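Let us go through this protein by question and answer. Please look at the sequence and the model first.

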Amino acid sequence: MEAEHTDVLIVGGGPCGLVLAHELGRRGVSAILLDEKPGTAFNPQANATQARTMEHFRRLGLAAEIRASGLPPDHPTDIAYFTRFTTHELARFRLPSSRAATEVVRTLSGDWSAAELPHRVSQKFVEAVLKRHAEALPTISLRYGWRLLSFTDRGTQVEAEALRLSDGARRTIRAAYMLGADGARSGVRAALGHGWSGETGTQRGFMGGRMCAVYLRATGFDAASPHPPAWMKVTVNADRRSLLAAVDGRGEYAFHTQLRPGEEESRVTEADARRMFHEAAGAAIPAEILSHGFWTAGHALVAEGLSRGRVFLGGDAAHLFTPTGGLGYNTAVEDAVNLGWKLAAVLHGVGGPHLLDSYAAERRPLALRNTAYARGFADSLGLFHADPALEEASPAGQAAREAAGEYLADHARREFNIPGITFGGRYDGSPILVPDGTAPPPDSANRYVPTACPGGRAPHLWLADGRSLYDAFGRDWTLLRMGGASGEGFARAASRIGADLAVLDLPAARDLYEADLALIRPDGIVAWRGATDGDATAVMDRVLGRA
């Protein structure tokens, strides 16, 4: 059988694989995506899209549609803590609804100066939007229901064998490069020989051990609860620790609970899943079980390597998170954003021989950083001792609830107000950055100080015409001119090597960027800043891995 040829073979059709398809397709790069599932996710999985991820979706033209998905526009996105869902409320962290987020974002500065705010939406809805738009890209072929059987890196290309599950048809695919975004049990990672480093098997009272995940429909839940609606509800008691996330705002929920001693997952039936929900609710609220399954909390793992030869790893194949903080899916999207422009640059002859080496150099430290933050949040919540007195109708019970409420309110602020994690990830030490001798602010989960120190997200501001600065960036590279320097050296250098460079005059950003010129990468990272363009050729060669 004659082999198919493509620029990039993507294994895995979750957020990482689909975002890479967008990054490549919008740059005219061909890709074939394989996924064993018949389509995008049915179960809710991740439920929080961070603000930085929404900014990337905005750049791809998808933010408005994704923000319209999931919860109704006025549904509260609070996180609330209870002894049980229908009994005592202990603490509540309030966040804006989807509609309010689109209005308030234009008024914010400092920590939360952003083009987009977070959005509480199930991954299943995000994947559906990504898939629908990727299918419309002429150079992209999505093939759900296909399994990767094997692959060989032949030095000049990757040769893969794939199987269509519906009829057993086989196909040989030859690609210049391949991404393994095929999940926690990645066959691609195993074939590359990369093991895990980090922490696993951590046991906690919650978010540490085997978990039961239940996708359910309980349309009478809000009526049965005496408390205002919230996006996520968490139970804290000595009997049944759990969380419940609203999926559609109309009665569908994702329920996760830690298995107790004696609850053997092989014996857990649909009736048992319903019982667990009733125990957490503190009431026999009618519920239809749509699916149930099991997973392990307590991972903070990063692959020992993120590439080998022409094959790369991303998403859960590269790092495994306990979901506190909502960092796993968002880190996976950033993997695809980082790799996508680099693959396109190399395939178009713009990127040099060192550009792709920077993927692992930049992304692995970020994965280590983010898994550590998630682990800390899991410890804060899961190791909190739930005093049995919490549910007592007594002075001791009242005192226990007040103490728990104070602790949980502080925990919620630390886990869900995280601009530092969201915007503060940096690529310091990357071989394709040009340092300017300045040091970035300290890394802090709950504080973000905008800085144009090379290696971090370009500081954001709203333009006089109402647009986000990011809306004015070019498709790939952008040179901000904020002072007297002409920047013509960069325009000539980019033209010489065929790089797509937009020049944007923005004197109003001079104080924010603390430079006359700043060079912004396709992924929105400051690559260089300075006062003159005298070294433009050397800078462009460095940031594109040509030197």
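Q: Over which ring does the charged end of lysine 124 sit?
A: A charge sits over a ring if NZ of Lys or CZ of Arg is within 6 Å of the ring centre and within 35 degrees of the ring normal. For lysine 124, the distance to the ring centre is 5.7 Å. The ring is that of phenylalanine 125.

Q: What ground rules apply to this model?
A: This is a predicted model, in which local features need pLDDT of at least 70 and side-chain atom pairs count only at pLDDT 80 or more, while totals for chains, interfaces and linings use all residues. Residues are numbered from 1 along each chain as its sequence is written, and side-chain values use heavy atoms, with hydrogens and water left out.

Q: Over which ring does the charged end of arginine 310 sit?
A: Arginine 310 has its charged end 4.7 Å from the centre of a ring. That ring belongs to tyrosine 177.

Q: How is the aromatic pair of phenylalanine 42 and tyrosine 215 arranged?
A: Rings of Phe, Tyr and Trp (its six-membered ring) pair if their centres lie within 6.5 Å; planes under 30 degrees apart count as stacked, over 60 as edge-to-face and the rest as tilted. Here the centres are 5.3 Å apart, with 65° between the planes. The pair is edge-to-face.

Q: Is tyrosine 215 buried or exposed?
A: Buried means under 20% relative accessible area, exposed over 50%, partly exposed in between (1.4 Å probe, protein chains only). Phenylalanine 42, at 48%, is partly exposed. Tyrosine 215 has a relative accessible area of 3%, so it is buried.

Q: Which residues form one aromatic cluster?
A: The structure holds 15 aromatic pairs. One cluster consists of Phe82, Phe85, Phe221, Tyr253, Phe255 and Phe277.

Q: What span does helix H8 reach from its first C-alpha to its last?
A: H8 covers residues 270-281, twelve in number. The expected span is 1.5 Å times one less than the number of residues. That gives an expected 16 Å, and the helix comes close to it, at 17 Å.

Q: Why are the buried residues of H8 on the same side?
A: Ala273, Met276, Phe277, Ala280 and Ala281 are the buried residues of H8. The arc is that of the directions from the helix axis to the C-beta atoms. They are on the same side because they cover an arc of only 135°.

Q: Which residue caps the N-terminal end of H8?
A: A polar contact is a pair of N or O atoms within 3.5 Å; within protein, one must be able to donate a hydrogen and the other to accept it, and residues adjacent in sequence count only if both atoms are side-chain atoms. A side-chain oxygen lies 3.3 Å from the backbone nitrogen of alanine 271. The oxygen belongs to the capping residue, threonine 269.

Q: Why is H2 largely enclosed by the rest of the structure?
A: Among the elements that cover its buried residues are helix H1 (15-25), helix H3 (63-67) and H13. H2 is largely enclosed because, of its nine residues, the number buried is seven.

Q: With which side chain does the side chain of histidine 460 make a polar contact?
A: Histidine 460 is found in the loop between H12 and H13. It is buried, with a relative accessible area of 5%. At 2.8 Å, its side chain makes a polar contact with that of serine 468.

Q: Near what value is phi of methionine 207?
A: Most residues other than glycine have a negative phi. Methionine 207 lies in the loop between strand S9 (196-199) and S10. Its phi is positive, near 60°.

Conventions. Helices (H or I, at least four residues) and strands (E, at least two) are DSSP runs, numbered from the N terminus. Contact means heavy atoms within 4.5 Å.
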